[in-house]
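Try each task before you read its solution.

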Amino acid sequence: MHSEGPGKIDFPTTGDLVDQWIEQHCVIPGGFKKGRPFRQYDWQFWCTANHYRVREDAVYDPDDPPMNQAFQYRLTQVIAPQKTGKGPWAACLTCVSAVGPELFAGWAKRGDVYRCDQQGCKCGWYFEYEPGEPMATRHPSPLIQLTANSADQVKNVWGPLNSMIRRKGSPLADLLLPRGDFIRVVAEGSDPESDRIDMVTSSARSRLGNPISDYLHDESGLYTVHNGMVDVADAQERGAAGMGGRGKQTSNCWDPAVQSFAQTYFEQNLPDVFTYYRNPDTNPELFGPDGKPLSYLTKTNRRKIHAYVYEGSDHVNLDSIEALALKLVTAGDPAQAERFFGNRVVAGGGAWLPEGVWNARRADVAA
């Protein structure tokens, strides 16, 4: 399912529980508001609600829980410009996957409550379910992999995650123990081969092939067959499927000339994948008099495009974004600026054919 903006939540989801759990346990990782409770933006909550959307016919058996089969989507893909908050959002959902209300646990009756003290957390927080609302419980043996093409790239999520854990007084500090390139998950009868969050990069693949409960593919628009990251991602998807797990992708817009993992998923538009992508080129208000999407080369147009794609990320200063975009445009790389900040799928300067020419030619031949 493709979504371009927050919509009406008229479906069963554990998203409300997860949202309030995040506010209780996770904090803003940086800036002047560092350490304050993390409150999701509307677009982040929309993605969370859909990631935890429960099938209306889901049946809970405590001896044989449905795991990923309880949920509508096995993967959530978020395509958004730089600095919108993808990394901190992914860090919050990683905390949920590790020690929060991750798995479907049946349908609530009157008086049912989620209690942290029954989930290994001493913070004292609880959540009262509405009758008929889907309930959730902690994963019994989480093995989570946060993945990127390089160690610097994976820090987009690894950094906020560690900041949330290490914040003084954080309830996460008793549940998650940073250990360099992995984080130990505190659990009864902890297993060193599970109960952990691992960092995985193109040069550190030793833990690939393990059955995993959750994964994040950060900047999946950079995963290609050439750099080996498509093989990494495919292996993790198979590992998750074997354990009833699910995953997430976050990325800037991709260069269509390189056929990235993110592009493949977006174009397939699979029914069990939720994709959030605020595309300026489908918004009629961002079309020129000729009926075509506005050119990114003028400041006035860039401002309109940035205002649309960054809508809902209140921490972003559009003047700062314009300065960064202008730097790339004047340096002769407007395509990169459009992808990074304009949220547009455009080919880079090194593309061997203009965007669309090859697909159009293939269509002619097929016809």
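**Exercise 1. What percentage of the 367 residues of the protein count as buried?**

Before starting, note that this is a predicted model, where local features need pLDDT of at least 70, side-chain atom pairs count only at pLDDT 80 or more, and totals for chains, interfaces and linings use all residues. Residues are numbered from 1 along each chain as its sequence is written, and side-chain values use heavy atoms, with hydrogens and water left out.

Step 1. Set the cut-offs: buried means under 20% relative accessible area, exposed over 50%, and partly exposed in between, with a 1.4 Å probe and protein chains only.
Step 2. Apply them to the protein: 53% of its 367 residues count as buried.

**Exercise 2. Describe the overall fold and dimensions of the protein.**

Step 1. Take the secondary structure: the protein has 10 helices and 13 strands. These are DSSP runs numbered from the N terminus, helices being H or I of at least four residues and strands E of at least two.
Step 2. Compare the radius of gyration, taken over C-alpha atoms, with the globule rule, 2.2 Å times the number of residues to the power 0.38. The radius is 21 Å, close to the 21 Å from the rule for 367 residues, so the protein is as compact as a globular protein of that length.
Step 3. Look at contacts, meaning heavy atoms within 4.5 Å. Of those with a separation of 6 or more, 71% come from residues 24 or more positions apart.

**Exercise 3. Characterise the surroundings of Asp214.**

Step 1. Locate the residue: Asp214 lies in strand β11, residues 214-218.
Step 2. Check its accessibility: at 1% relative accessibility, Asp214 counts as buried.
Step 3. List its neighbours: leaving aside residues up to four places away in sequence, Asp214 touches Ser97, Glu102, Leu143, Ile144, Gln145, Arg246, Gly247 and Lys248.

**Exercise 4. Where does Gln259 sit, and what is its phi?**

Step 1. Gln259 is in the loop between β12 (246-251) and α6 (261-268).
Step 2. Its phi is near 55°, a positive value in a residue other than glycine.
Step 3. With 47% relative accessibility, Gln259 counts as partly exposed.
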